[in-house]
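Me: I would like to learn how to read a protein model feature by feature. Please take me through one, going from the whole chain to single residues.

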Amino acid sequence: MQKRILGTSGLEVSALGLGCMGMSTSYGPPKDKAEMIAVLRGAVERGVNFFDTAEVYGPFTNEELLGEGLAPVRDQVVIATKFGFDTGTDPRGAPDLNSRPEHIRAVADASLKRLKTDVIDLFYQHRVDPDVPIEEVAGTVKDLIAEGKVRHFGLSEAGVETIRRAHAVQPVAALQSEYSLWWRPLEAVIPTLEELGIGLVPYSPLGRGFLTGKLDATTSFASDDFRSKLPRFQPDAMQANQAMVDLLGRIAAAKQATPGQIALAWLLAQKPWIVPIPGTTRLSRLEENIAAVDVVLTPEDLREIGDAAAEIAVEGNRYPERLEQMTGR
């Protein structure tokens, strides 16, 4: 597995990480724990060393899964988790934001216990809290770093001004935000990341499964599958958005790859400090995703993909309004 460094932080991780949320929540019922531990350890055996979780996933159960699954290989892996939601509110809806300093400290201590570790490698603010100045948030994480509880500070779905203000207090190692061929508004933020030396960790790089070509307008989602509530996954939108999958399929056929591999290879080709974290609950899918690292897209390929994608109008918002309002602050 190739390695990449997130910006100028010095944090070296595998070129692809593993998003672990779907093992415990949001995509149907929680998966079998033994099977998920096998996927986690299989990922390590295949060279993946970057694992992403959050206290709100479950809540709590995803961190507990990683704590148990990665304990035997803890010295070989980088674990990222997140604070910023009040898990006392209903996690099935959209929990309230809470980035007050005392809450950040409490979350850090609880996450350390669940993860069975003495340090969090990368501690993200999950969403920007408009009620707490970002300088206070960054200062609190800076103190946690000084105390040895955290190694690196990250932000998720933050806007340019917030990133700059946070970075001035405590260097931001990485921004985690949605980014893929069918969600590209983040490209307005990338120049700031490059200027400040901040890595980018795209979540949902496969469009929550849509860009793999395994879903279509006839796919039905259970009520406990997050996608059932997303405008972009309603049948009419999925039918319209098939054009993006068709584009990836044409490129994939020429490269003897899969549409999902082309989607990941496109992201990897954008900047050397971009590290996507596709999620999966199957070893076979994990191996398919890992193979994307070896797919070579030439400048001509990238121009072809970029030009063709620019002609496709993706239908449907990525989030319901309340969740979308929590991004880009």
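Predicted model: local features only at pLDDT ≥ 70, side-chain atom pairs only at ≥ 80, totals over all residues.

Me: How many helices and strands does the secondary structure of the protein come to?

Reply: The count is 11 helices and nine strands.

Me: How do I read the radius of gyration of the protein against the globule rule?

Reply: Set the value beside what the rule gives for the chain length. Here the radius of gyration is 19 Å, close to the 20 Å given by the globule rule for 329 residues, so the protein is as compact as a globular protein of that length. The C-alpha trace spans about 50 × 45 × 40 Å along its principal axes.

Me: What share of the contacts comes from residues 24 or more positions apart?

Reply: Taking the contacts with a separation of 6 or more, residues 24 or more positions apart account for 74%.

Me: How far apart are the mean positions of the positive and negative charges?

Reply: The protein has 35 positive and 45 negative charges, and their mean positions are 2 Å apart.

Me: Turning to the sheet, what is the order of its strands?

Reply: The order is S3-S4-S5-S6-S7-S8-S9, an open sheet of seven strands with parallel pairing. Strand S3 (18-19) and strand S9 (199-203) are the edge strands, each pairing on one side only.

Me: How many bridges link strand S5 and strand S6?

Reply: Strand S5 (residues 78-83) pairs with strand S6 (residues 120-125) over four bridges, in the parallel sense. At the residue level, Lys82 has Tyr124 in S6 as its bridge partner.

Me: Next, a helix. Which residues of helix H9 are buried, and what covers them?

Reply: In helix H9 (residues 283-291), the buried residues are Leu286, Glu288, Asn289 and Ile290. Their cover includes S3, helix H1 (33-45) and helix H8 (259-270).

Me: Taking Asn289 as one of these, which residues is Asn289 in contact with?

Reply: The relative accessible area of Asn289 is 7%, so this residue counts as buried. Apart from neighbours within four places in sequence, Asn289 is in contact with Leu16, Leu206, Leu264 and Pro278.

Me: Now the backbone. Where is the cis peptide bond, and what is its omega?

Reply: The bond joining Gly58 and Pro59 is cis, with omega about 0 degrees. Pro59 sits in the loop between strand S4 (50-52) and helix H2 (61-70).

Me: What is the phi of Glu157, and is Glu157 buried or exposed?

Reply: Glu157 is not a glycine, yet has a positive phi of about 55 degrees. Glu157 belongs to the loop between strand S7 (150-156) and helix H5 (160-169). With a relative accessible area of 6%, Glu157 is buried.

Me: Where does Ser204 lie, and what is its phi?

Reply: Ser204 is in the loop between S9 and helix H7 (235-255). Phi of Ser204 is near 50 degrees, a positive value in a residue other than glycine. The relative accessible area of Ser204 is 14%, so Ser204 counts as buried.

Note on methods. Residues numbered from 1 in each chain as written. Heavy atoms only, no water. Helix = DSSP H or I, 4+ residues; strand = E, 2+ residues; numbered from the N terminus. Rg over C-alpha atoms; globule rule 2.2 N^0.38 Å. Contact = heavy atoms within 4.5 Å. Lys, Arg positive; Asp, Glu negative; His and termini not counted. Charge placed at Lys NZ, Arg CZ, Asp CG, Glu CD. Pairing = 2+ DSSP bridges. Buried < 20%, exposed > 50% of the residue type's maximum accessible area, 1.4 Å probe, protein only.
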